[in-house]
Amino acid sequence: MAMAFKMATTGMWVTDECKNSFMELKWKKVHRYIVFKIDEKSRLVTVDKVGSSGESYDDLAASLPDDDCRYVVFDFDFVTVDNCRKSKIFFIAWAPSASRIREKMLYATSKDGLRRVLDGIHYELQATDPTEMGFDLIKDRAK
């Protein structure tokens with residue numbers, strides 16, 4: 001497996017698949033969202049799930065585990081008051097209350113390194129439960 005980028009602060013590696021999937025979301029618009037996870041044994045950030053362009057924000061929210069941390073990149077498309085189509089990319093750090101403290105710390109310390117690899121993110125959210133990343137919150141931040 002080819003390694004792309006090392007996150008210096010935690011010694012974690014981001015796989016090429018992460019970067020390539022993000023570029024497909026950003027430029028080709030073939031994905032609506034990407035869920036990333038950290039494999040503690042191999043010390044790799046990998047792609048956990050990819051949502052097709054036809055999937056919704058509700059599909060993303062339903063795919064997140066109740067007791068495990070994840071990183072999410074979501075491509076939010078909307079129409080402005082001037083009737084212009086726009087797109088904003090959100091980075092969500094998902095750390096539910098039920099997840100282990102060690103896991104929360106690992107994800108918190110690795111977050112900035114992954115964000116540097118994923119160039120082009122407009123907004124960041126941190127969520128411990130679904131209400132902190134609701135669709136209304138996404139819409140408000142994008143406008």
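These legends go with a set of close-up views of a predicted model.

**View A. Helix α3 and its bend.**
Start with α3, which covers residues 101-117. With 17 residues at 1.5 Å a residue, this helix should span 24 Å, and its end C-alpha atoms are 25 Å apart, so the two values agree. Still, α3 bends by about 40 degrees at K111. Which residues of α3 are buried? They are E103, L106, Y107, S110, K111, G113, L114 and V117. K111, then, is on the buried list and is also where the bend sits. As you look along the helix, keep this in mind: an α-helix has 3.6 residues a turn, so residues three or four places apart point the same way.

**View B. Strand β4 and its partners.**
Here β4 (residues 44-52) pairs with two strands, β2 and β3. Strand β2 (residues 12-15) runs parallel to β4, and 2 bridges join them. Look for W13, which stands opposite L44 in β4. Strand β3 (residues 31-39) runs antiparallel to β4, with 8 bridges between them.

**View C. The aromatic rings around F76.**
A pair of aromatic rings is described by the distance of the centres and the angle of the planes. This structure holds 9 such pairs. In one of them, F76 and F78 are stacked, at 5.3 Å centre to centre with 20 degrees between the planes. F76 has 4% relative accessibility, under the 20% cut-off, so it counts as buried. F78 is at 9%, so it counts as buried too. F76 also pairs with F90, this time edge-to-face: 6.4 Å centre to centre and 75 degrees between the planes. That pair links distant parts of the chain, with F76 in strand β5 (residues 70-79) and F90 in strand β6 (residues 85-94), 14 residues apart.

**View D. A charge over a ring.**
What lies over the face of F91? It's R115, at 5.8 Å from the ring centre.

A disulfide is a covalent bond between the sulfur atoms of two cysteines. How many does this structure hold? The count is 0. For C18, the nearest cysteine sulfur is that of C69, 16 Å away. C18 counts as buried because its relative accessibility is 0%, whereas C84, at 37%, counts as partly exposed.

Methods:
Residues are numbered from 1 along each chain as its sequence is written. This is a predicted model: local features need pLDDT of at least 70, side-chain atom pairs count only at pLDDT 80 or more; totals for chains, interfaces and linings use all residues. Side-chain values use heavy atoms; hydrogens and water are left out. Helices (H or I, at least four residues) and strands (E, at least two) are DSSP runs, numbered from the N terminus. The expected span of a helix is 1.5 Å times one less than its number of residues. The bend at a residue is the angle between axes fitted to the seven residues ending there and the seven starting there. Buried means under 20% relative accessible area, exposed over 50%, partly exposed in between (1.4 Å probe, protein chains only). A disulfide is a pair of cysteine sulfur atoms within 2.5 Å. Two strands pair if DSSP finds at least two bridges between them. Rings of Phe, Tyr and Trp (its six-membered ring) pair if their centres lie within 6.5 Å; planes under 30 degrees apart count as stacked, over 60 as edge-to-face and the rest as tilted. A charge sits over a ring if NZ of Lys or CZ of Arg is within 6 Å of the ring centre and within 35 degrees of the ring normal.
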